[in-house]
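The exercises below ask you to read a structure step by step, and each task is followed by a worked solution.

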Amino acid sequence: MSARKIKTGDQVRIIAGKDIGKEGKVLLVNTKNDTVIVEGANMITKHQKPSAANANGGIVNKEAPIHISNVMYLHKGKPTRIGFKVENGKKVRIAKTTGEVVD
């Protein structure tokens with residue numbers, strides 16, 4: 001399995017789809033399906049039955065997954081690609097535009 005360039009907690013911008021241009025924090029990364037859930041983006045309405053967690057049920061708005069290729073990492077407010085480099089015997093992520101270490 002290859003290393004993931006986008007991780008939970010990263011600030012990203014959506015570069016394709018209905019929410020193009022929106023920015024948000026990555027809440028979840030699904031490596032099996034190569035998808036991410038971005039805070040406040042790709043919102044869907046879901047009809048839920050009453051349960052212990054939601055006593056009334058009803059219509060709930062929530063984020064849906066986006067393919068990882070449709071988001072781009074934000075470094076200092078600008079989108080950039082992510083690369084890898086070995087520094088001091090440790091593999092780190094770097095921003096391709098500036099060459100700075102991201103982690």
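A nonpolar core is a set of buried Ala, Val, Leu, Ile, Met, Phe, Trp, Tyr and Cys residues joined through side-chain atoms within 4.5 Å, where buried means under 20% relative accessible area, exposed over 50% and partly exposed in between, with a 1.4 Å probe and protein chains only. This is a predicted model, in which local features need pLDDT of at least 70 and side-chain atom pairs count only at pLDDT 80 or more, while totals for chains, interfaces and linings use all residues. Residues are numbered from 1 along each chain as its sequence is written, and side-chain values use heavy atoms, with hydrogens and water left out.

**Exercise 1.** Find which residues have the most contacts inside the largest nonpolar core.

Step one is the core itself, which has 14 residues, and those with the most contacts inside it are I6, V12, V36, V38, I66 and V71. Next come the elements: strand 1, strand 3 (35-38) and strand 7 (71-75) each supply at least two residues of this core, strands being DSSP runs (E, at least two residues) numbered from the N terminus. Finally, V71 touches I6, V12, R13, I14, I15, V36, V38 and I66, not counting residues up to four places away in sequence; contact here means heavy atoms within 4.5 Å.

**Exercise 2.** Work out the order of the strands in the open sheet.

The sheet has 6 strands in the order 6-3-2-1-7-8, with antiparallel pairing, and two strands pair if DSSP finds at least two bridges between them. Its edge strands are strand 6 (66-67) and strand 8 (78-80), each of which pairs on one side only. Further in detail, strand 1 and strand 2 (residues 23-30) pair in the antiparallel sense over 3 bridges, and the bridge partner of V12 in strand 2 is G24.

**Exercise 3.** Decide whether D10 is buried or exposed, and describe its polar contacts.

D10 lies in the segment before strand 1 (11-14), and it counts as buried because its relative accessibility is 8%. Its side chain reaches the backbone nitrogen of K7 at 2.8 Å, and a polar contact of 2.8 Å joins the side chains of D10 and R93. A polar contact is a pair of N or O atoms within 3.5 Å; within protein, one must be able to donate a hydrogen and the other to accept it, and residues adjacent in sequence count only if both atoms are side-chain atoms.

Methods. Helix = DSSP H or I, 4+ residues; strand = E, 2+ residues; numbered from the N terminus.
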